[in-house]
Structures are given as C-alpha cells and as structure tokens.
Amino acid sequence: MASGEAFPSSSLQADNLIHVFWDEGMLKHDTGTGVFDTGMDPGFLDVLEKHPENADRVKNILSILKRGPISPFISWHHGRLALISELLSFHTQEYVNELIEADRNGGKEICGGTFLNPGSWDATLLAAGTTLSAMQHIIDGHGKFAYALVRPPGHHAQPTQADGYCFLNNAGLAVQLALDSGCRKVAVLDIDVHYGNGTADGFYRSDKVLTISLHMNHGSWGPSHPQSGTIDELGEGVGFGYNLNIPLPNGTGDEGYGYAVQHLVVPAIEKFEPDMMVLVVGQDSSAFDPNGRQCLTMEGCRDIGRTIRGMADKYSNGRLLIVQEGGYHVTYAAYCLHATLEGVLNVSEPLLSDPIAYYPEDASFPIKVIEAIKKYQKETVPFLKDA
Ligand SMILES: [Zn+2]
C-alpha cells in the first residue's frame, strides 16, 4: 500500500507531540464477567472471562504510551468530568435523564452487553469530559494532535439511546464543540471494526460534518443499532452524501484497508476540505481481536495514521483529534494503538516491531468490493461526482 511521502524534518521537532488526555477514574467502569460480553454464567463453565470492554485493555494502552518507545513523543494531560449541560449538545435531555436514573437505581444492562454498573456513570462522564478537554486543547492552539484515551467507548451511542458498550458519544460531543467554537467543517474517520452508527446518526442531517466509517459488514444488531452500515445510508436532507459507509469483507487486511483509504477516504476528504479532523480508533479491526475479523496489523494501523496526519497537515492546519473506541485483545490492541500514533507522528522508521502478525492476506476480493463502493459513490453522491 502507499506509505506516504518523504518524512518532513518536523517529525523530529519538539512540536511533533501527541497530547494524551486521561483520567484513571475511567478504570472504575466494571463490566463484570461471563461468556464474552453477555454477563451470563451458564453454570457449566469453570472459567468465565472478563467482559471484553474491561479496564485491562486501557491499562495496557496507558502503559505502552508511558513506557513504550513512543513515550518521548507523549505529553500527558488530565481529563475531567463532563457537565450534564454539555451532554445536551449531542444527546437529548430525556435520554440523559434515563442514564442518571439507571445509575441512581444501582445500574442495569441498558441493552445487549452494555452494562451501566455502580461506578460506570462517573467513568462515562469522565470519558465525555476528557474527550472535550482534548478537543478544547486543539481549539485553543495548545497542540495539533490530541488523543483522548477514554472508556467506556462512545461511537455507537446515538442522541437518544445507548448501544454496543457505549453510553455517551465522546467523539460526537467533541465534533459539536469544534463546530460551536467556529470550525466550519469537520471530517470524522472511524476505523473501529464496527459501524460508527451513533456518530453518523448525530450528524446525519448535516453537511458540516463528513462521517466516514470503515467497518465489517455486520448489519443491524437489533433495536439499539437499527442502522445497517450499508453504502446507501448516505445522510438525509442537506446531509445527503456526507455519511460514507465502507463495509469491508472479513479478512480485508492491511493492503485492503490501504486501498480503501487511498481510493475512498482520501478523495472524499480532499473534496470536503475540513478545517478539523477526528480519527476514531478501535483496534478491534486487528488480526487478533475477539470482536472482529478484519485482520489489520501494526503496519496497516501505522499507514492509516500516517495518511490521516498527511490529510490533517494539508487541510486542517495539522489539527487532529484521536478518540479511543473498541479494541479487545488485551495486548495487541495496545501495540496497534502504538503503531497508529507512530503513523500520526510520521516517524521515519517503525519504533516498535509487530510481535504476532503472521497471517497471510489476500486483498483481491476486498479490492473488488472497494471498487464497487467507489463506483456507487461516484454515481450517487453529489460532492464526489468528479472526485
Ligand atoms: Zn468496535
């Protein structure tokens, strides 16, 4: 795949830093144990597992950034709780009240696999507030690249409901803050293996926010996730064409992702000309994730990070917010995040080698699918007609 252009000397300068926003209170969201994400004990298994969205995964991301080879490039910042009033820029008061009520009553499973337990609501407010702080840091000109290391994740949370381990849409709140702070157009690229349906839904009728999601073709998964993630969910009204879904076959791999980014993502962002960019990252698109089958390795993650940084340099004066979503392999998710940030830093040589990538990949079928999506988008999406 294309690996970007020559590395600018700026990659070695002091301002080539990633500002990471984090608060350890987010570890207190305890999703329990069971059979994968069900919270269920069937009675015939001696060993149950932690819910995939557990604190360990984020502890490893935290520690690899503190002690891994990328650590000299990291500047650390504290997170904060979001105010209830801030949530209303994306979510309805009625929905927020439901969450407050559920917390007050000791918590509950809001929808499949999505547990609001004691301690979860504070962690959720911290995830939202910490993401807002990261965006504010960029808006105030204190740094160009900020990473919100947050959980619970947010990209499935819609204005009116929770979904897929998510309660509040952290990235969506940050996008709205950017718009409210004077940004004209925000581009959001979501590379979590699942469709970023919540973020898409929040801006479905807007031409100010271009949401692009690369995901597996999982379709709707019930009332909490009515969206299908198919290519024809393009937005509505003036927002028509400004939600681009890129459902990719299982096993797409590094070359297929690179092809999709170069042939679908880059041209759309070039046409859109955003003045703020948001990269929504979930390492569940990795080769070893228990929740996905897309087979990205560290190399693929690094390439995506590098390409998006190039787009940010070109259009948004380098301004790029990165928001953490899924990623459930407790060690490899941390490696893949490390690689993504290496790409964003545009380092000339990988800082960390891949300890486990060994599956062969065949991109021939994914490339056919991507070409078909490209043809459909050029025929259907007004702003991409001559892209
Ligand atoms: Zn996911």
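**Helix packing in the predicted model**

Tutor: Helix H4 (residues 120-139) and helix H5 (residues 170-180) pack at an angle of about 35 degrees, and their axes lie 9 Å apart. H4 and H5 cross in a right-handed sense. On the H4 side, the contact is formed by Ala 127, Ala 128, Thr 131, Leu 132, Met 135, Gln 136 and Ile 139, while H5 contributes Asn 170, Ala 171, Leu 173, Ala 174, Leu 177 and Ala 178. Sorted by class, the residues where H4 meets H5 comprise 10 nonpolar, three polar and no charged.

The structure shown is a predicted model. Its pLDDT averages 96 over the protein, and 96% of the residues score at least 70. Residues 1-12 should be read with that score in mind: there pLDDT stays under 50, and the model has 20 contacts for this stretch beyond four places in sequence.

Let us turn to helix H7, which can be followed through two packing partners. H7 (residues 253-272) packs with helix H10 (residues 364-380) at an angle of about 15 degrees, the axes being 9 Å apart. Because of that angle, H7 is roughly parallel to H10. The crossing of H7 with H10 is right-handed. From H7, the residues making this contact are Gly 256, Tyr 259, Ala 260, His 263 and Leu 264; from H10, they are Pro 366, Ile 367, Ile 370, Ile 373 and Lys 374. By class, the contact of H7 with H10 consists of seven nonpolar, two polar and one charged residues.

The class count for the contact of H7 with H8 is seven nonpolar, three polar and three charged residues.

Cys 295 is located in the loop between strand S11 (276-281) and H8. The phi angle of Cys 295 is near 70 degrees, a positive value in a residue other than glycine. Pro 152 lies in the loop between strand S7 (145-148) and H5. The peptide bond from Arg 151 to Pro 152 is cis, with omega near -5 degrees. As background to both details, most residues other than glycine have a negative phi, and most peptide bonds are trans.

Finally, a record places part of the chain in a wider setting. In an unreviewed entry, UniProt lists residues 51-342 as "domain: Histone deacetylase".

Methods: Residues are numbered from 1 along each chain as its sequence is written. This is a predicted model: local features need pLDDT of at least 70, side-chain atom pairs count only at pLDDT 80 or more; totals for chains, interfaces and linings use all residues. Axes are lines fitted to C-alpha atoms, for helices over the stretch in contact, and angles run from 0 to 180 degrees between N-to-C directions. Helices (H or I, at least four residues) and strands (E, at least two) are DSSP runs, numbered from the N terminus. Angles under 35 degrees count as roughly parallel, over 145 as roughly antiparallel, 65 to 115 as roughly perpendicular and the rest as oblique. A crossing is left-handed if the near helix is turned anticlockwise from the far one by less than a right angle, and right-handed if clockwise. Two residues are in contact if their C-beta atoms, placed from the backbone, lie within 7 Å. Ala, Val, Leu, Ile, Met, Phe, Trp, Tyr, Cys and Pro count as nonpolar, Asp, Glu, Lys and Arg as charged, and the others, Gly among them, as polar. UniProt positions are given in the numbering used here, feature names are shortened, and annotations may be inferred rather than shown by experiment. pLDDT is the predictor's confidence in each residue, from 0 to 100.
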